[in-house]
Amino acid sequence: MAITYGAVKDLSAQLYDWSLRKVPDDTKSGLRAALERETQPGAREILKMMLGSAHRAETEERFVCSDAGVPVYNVTIGTAARLDGDIKAAIRDGFDELVARIRPPLLKHVTNPLTNERGYKGKDMPLVTWDVAGGAEWVEILCQPKALGSGRWAALETFSFPTLQQIEEYVMKVVMQAGSQHCPPVIIGIGIGGSFDVAARIASKATMRPVGSTNAEPVLAAMEERLLRAVNATGFGPMGTGGDTTALAVHADYASGHGYTPVAVCFNCWINRRTRARIHNDGTVERFE
Amino acid sequence: MSGLRRIRLPMSADEARTLRAGDVVLVDGEIVISAGLPTHQRLLEAAENGTPPPMQISGGALLHLGSYSQDTGDGGLEVLYMNPTTSTRFNALMPRLIRHYGLTAVGGKGGLDAACVAAMQEVGCVYLSVLGGGAPLHSAAIRAVREVACDDLVAHYRLVRLSVEGLGPVTVGIDAHGDSVFASLHAAANGRLPAILQEMERQRQV
């Protein structure tokens with residue numbers, strides 16, 4: 001047995017489809033916890049509507065949002081995985097097949113940034129990031145479609161030997177820029193250090209961590225807690241019309257660098273689209289979320 | 001939710017002025033939706049050239065909602081789903097559109113800027129903030145598709161006139177008296193920011 005082109009193609013398409021119709025369980029738990037804490041009546045109503053929308057999407061297999069985003073995949077290949085076929089082509093072809101068969105149809109969101117023309121296909125689409133897992137006998141695919149609503153507000157600035165204060169104040173600056181507009185309550189990803197591209201990558205990856213999980217690194221765990229409290233003290237609230245819940249989670253990670261330290265900040269809107277599964281060498285598919 | 005105030009669109013400027021920023025209402029009646037910048041540009045070109053707009057929207061409600069519309073095969077039209085998009089990307093066009101067409105309701109998510117707030121105050125127009133990620137709820141409020149224009153554009157850019165019943169609840173994010181929930185919250189957050197940063201510094205020292 002091996003991990004075939006067909007299996008990767010089918011799973012890529014399936015993960016995208018699932019991600020459009022289900023808000024991850026950890027995120028729904030985060031919304032319910034926020035509803036318990038939220039003190040403003042208008043904000044409570046909006047949080048209830050969010051949970052209602054998520055429930056209805058899941059039970060009636062509808063899209064949570066009309067903006068299906070663009071296909072973004074993170075693929076981790078185990079070094080003991082046996083690959084049979086071009087899995088890069090499989091992911092691209094999986095998206096093409098999904099576009100052809102999905103009901104209701106997707107809107108055309110793949111955009112040529114030079115002309116702003118939109119369609120289902122485009123250069124370097126789907127956006128795929130590749131990683132390697134030592135010794136593993138599987139291929140893991142995480143699908144995280146990304147749309148303008150929250151994608152628009154990501155930012156990165158490079159500092160030299162910044163203090164924690166400078167890093168955190170920069171995060172707050174980006175939070176203020178986004179204000180009411182990124183479909184809060186959001187999940188905030190922060191990437192510190194490495195290099196320009198690595199920091200952005202870390203920030204994006206940080207958003208994939210389940211809501212409610214604790215950072216294993218004590219310095220970052222404390223930073224996340226401080227920032228979550230600070231972001232929620234801004235008062236933008238659910239959908240940015242006021243309330244105690246502007247973020248459900250702040251997740252940070254870092255990489256060693258040189259001393260010039262990029263700090264990247266990105267956001268996922270409240271529906272926090274994310275699905276993940278592994279294909280094993282024996283052909284079995286294990287779905288995680 | 002049955003106790004909520006209901007508004008019927010399109011409404012008069014006087015009716016729009018009875019709403020206040022922060023009010024939560026349900027929407028009945030007729031709305032026109034589009035999530036397309038090219039569509040807004042066409043409406044503006046028609047206004048500036050004195051030519052007929054792709055769809056009659058004078059005195060109406062123009063909301064930043066994207067939708068998937070298609071022919072039903074028997075000459076009818078259907079909308080399979082709809083949901084709001086970020087309104088601020090239309091900031092530059094909205095003041096002229098609001099004034100020229102006398103719009104009494106606009107909306108979407110995230111609000112509009114100060115120039116739009118001024119135009120809305122002048123004309124008698126409110127901004128309705130619609131839940132993002134609410135496609136299953138909003139789509140269920142659609143009663144009929146009345147008209148589709150700009151169908152040479154991608155589906156979510158088209159102008160679609162819909163009859164809706166019980167759309168929402170939606171929040172009056174900006175009223176016709178110059179009050180914007182978004183501007184107030186931003187100003188309040190800016191005002192609180194020094195204290196927030198100070199508190200973070202205190203926590204770092206613990």
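Here are some friendly notes on this predicted model, chain by chain and then residue by residue.

1. **Chain A as a whole.** Start with the overall build: chain A contains 8 helices and 13 strands. The radius of gyration of chain A is 19 Å, close to the 19 Å that the globule rule gives for 289 residues, so chain A is as compact as a globular protein of that length. If you turn the model along its principal axes, the C-alpha trace of chain A spans about 50 × 50 × 40 Å.

2. **Inside chain A.** Of the 289 residues in chain A, 49% are buried. Among contacts in chain A with a separation of 6 or more, 81% are between residues 24 or more positions apart.

3. **Where chain A meets chain B.** How many residues of chain A are in contact with chain B? There are 47 of them, and they touch 42 residues of chain B. On the chain A side, helix 3 (41–60), helix 5 (148–151), helix 6 (164–178) and helix 8 (218–233) each supply at least two residues. Helix 3 of chain A gives the largest share, 10 residues. Sorted by class, this side of chain A has 22 nonpolar, 14 polar and 11 charged residues.

4. **The largest nonpolar core.** This core has 141 residues, and those with the most contacts inside it are Ala105(B), Met120(B) and Val126(B). Its largest share, 8 residues, comes from strand 9 (residues 159–174) of chain B. Chain A takes part too: the core draws at least three residues from each of domain 1 (3–22 + 64–147 + 273–287) and domain 2 (148–268) of chain A.

5. **A closer look at Met120(B).** Which residues does Met120(B) touch, once its neighbours within four places in sequence are left aside? The contacts are Ile98(B), Cys125(B), Val126(B), Tyr127(B), Ile174(B) and Ala176(B). One of these, Val126(B), is itself among the residues with the most contacts inside the core.

6. **Arg6(B), step by step.** Find Arg6(B) in strand 1 (residues 5–9) of chain B. Why is Arg6(B) called partly exposed? Arg6(B) has 15 other C-beta atoms within 10 Å, whereas a buried residue would need 20 or more and an exposed one 12 or fewer. Leaving aside neighbours within four places in sequence, Arg6(B) is in contact with Val25(B), Leu26(B) and Asp28(B). Take Val25(B) as an example: Arg6(B) and Val25(B) are 19 residues apart in sequence, and their C-alpha atoms are 5.5 Å apart in space.

How values were computed. Residues are numbered from 1 along each chain as its sequence is written. Chains are lettered from A and ligands numbered from 1 in the order in which they are written. This is a predicted model: local features need pLDDT of at least 70, side-chain atom pairs count only at pLDDT 80 or more; totals for chains, interfaces and linings use all residues. A nonpolar core is a set of buried Ala, Val, Leu, Ile, Met, Phe, Trp, Tyr and Cys residues joined through C-beta atoms within 7 Å. Helices (H or I, at least four residues) and strands (E, at least two) are DSSP runs, numbered from the N terminus. Domain bounds come from an automatic or database domain assignment. Two residues are in contact if their C-beta atoms, placed from the backbone, lie within 7 Å. The radius of gyration is taken over C-alpha atoms; the globule rule is 2.2 Å times the number of residues to the power 0.38. Ala, Val, Leu, Ile, Met, Phe, Trp, Tyr, Cys and Pro count as nonpolar, Asp, Glu, Lys and Arg as charged, and the others, Gly among them, as polar.
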